[in-house]
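Colleague: I am new to this structure. Please pick one part, look at it closely, and then follow the charged side chains from there.

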Amino acid sequence: MSVVNPSRDARASQLAKLYRSHCKALLRFLGRKVGQTDASDLAHEAFLRIAHAEHGQTRLHNERAFLFQIAANLVVDHKRAQLRRSRILTAVEVDDLLTVADETPSPERLAQSRCELQALDAALRELPFRRAEAFRLSRIEGLTHASIANRLGVSLRTVEAEIRMALDHCADRLRSVRVPD
């Protein structure tokens, strides 16, 4: 058998009546202040604070005003927290932006790359057809050596040798590349 606390039951009944009477108005009030997404959370928190308030000994003259004052204070706290979070994020983002290196190649590097590409193109045109084709299929098309051997109708060792010779030839040509002044 449980003992019933009459004052606790009366307080719960009073809180339920307050909720039924003012919940919709409180949600509208909070929705205008913080948006509908956060309004229900803040309303819930306001009713929790009313439930835990130590005003049982003194009767409030206007519980609705007390509820809305709690809600208004929660709105202020909520906006302060949002502002704090946005300041922290902004500071982090600015720091991140300041530490990001510019990955755009310099004009000198662009000129060097253009010269190297032209030299590579010329070096590939100097190669015999099968060697150039094996290189292209391997390095540009991404085919396996076995697929290249099948496509060219040669052995796997031949493909490996052709690609190795093509790489050596291109490396020799690229060593001598200089950017014109």
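**Arg32 and the charges beyond**

Modeller: Arg32 is placed in helix 1 (helices are DSSP runs of H or I with at least four residues, numbered from the N terminus). The model is predicted, so local features need pLDDT of at least 70 and side-chain atom pairs pLDDT 80 or more, while totals for chains, interfaces and linings use all residues. Residues are numbered from 1 along each chain as its sequence is written, and side-chain values use heavy atoms, without hydrogens or water.

Arg32 counts as exposed because its relative accessibility is 64% (exposed is over 50%, buried under 20%, partly exposed in between, with a 1.4 Å probe and protein chains only). On the surface, Arg32 belongs to a patch of positive charge together with Lys24, Arg28, Lys33, Arg64 and Lys79. Helix 1 (6–34) and helix 3 (63–99) are the elements that give two or more residues to this patch, and helix 1 has the largest share, with 4 residues. Such a patch takes residues with over 30% relative accessible area and no salt bridge, like charges being joined within 9 Å; Lys and Arg count as positive, placed at NZ and CZ.

Leu26, Leu30, Ala46 and Leu67 have the most contacts inside the largest nonpolar core, which has 19 residues (buried Ala, Val, Leu, Ile, Met, Phe, Trp, Tyr and Cys joined through side-chain atoms within 4.5 Å). Two or more residues of this core come from each of helix 1, helix 2 (36–52) and helix 3. The largest share, 7 residues, is again that of helix 1.

Elsewhere, charges pair. The whole structure holds 10 salt bridges (a side-chain nitrogen of Lys or Arg within 4 Å of a carboxyl oxygen of Asp or Glu). One of them joins Arg125 to Asp121, with N to O at 2.8 Å; both residues sit in helix 4 (residues 107–126), 4 residues apart, about one turn of the helix.

Glu126 pairs with Arg173, their closest N and O atoms being 2.9 Å apart. This pair links distant parts of the chain, since Glu126 is in helix 4 and Arg173 in helix 7 (residues 156–175), 47 residues apart.

Glu162 and Arg130 form another salt bridge, 3.0 Å from N to O. Glu162 is in helix 7 and Arg130 in helix 5 (residues 129–140), so their pairing ties together parts 32 residues apart in sequence. Glu162 is buried, at 7% relative accessibility, whereas Arg130 is partly exposed, at 39%. Arg131 joins Arg130 and Glu162 in a network of salt bridges.

Conventions: Patch = residues over 30% accessible without salt bridge, like charges linked within 9 Å, V, L, I, M, F, W, Y side chains within 5 Å. Areas by Shrake-Rupley, 256 points an atom, 1.4 Å probe, with all protein chains shown as cover.
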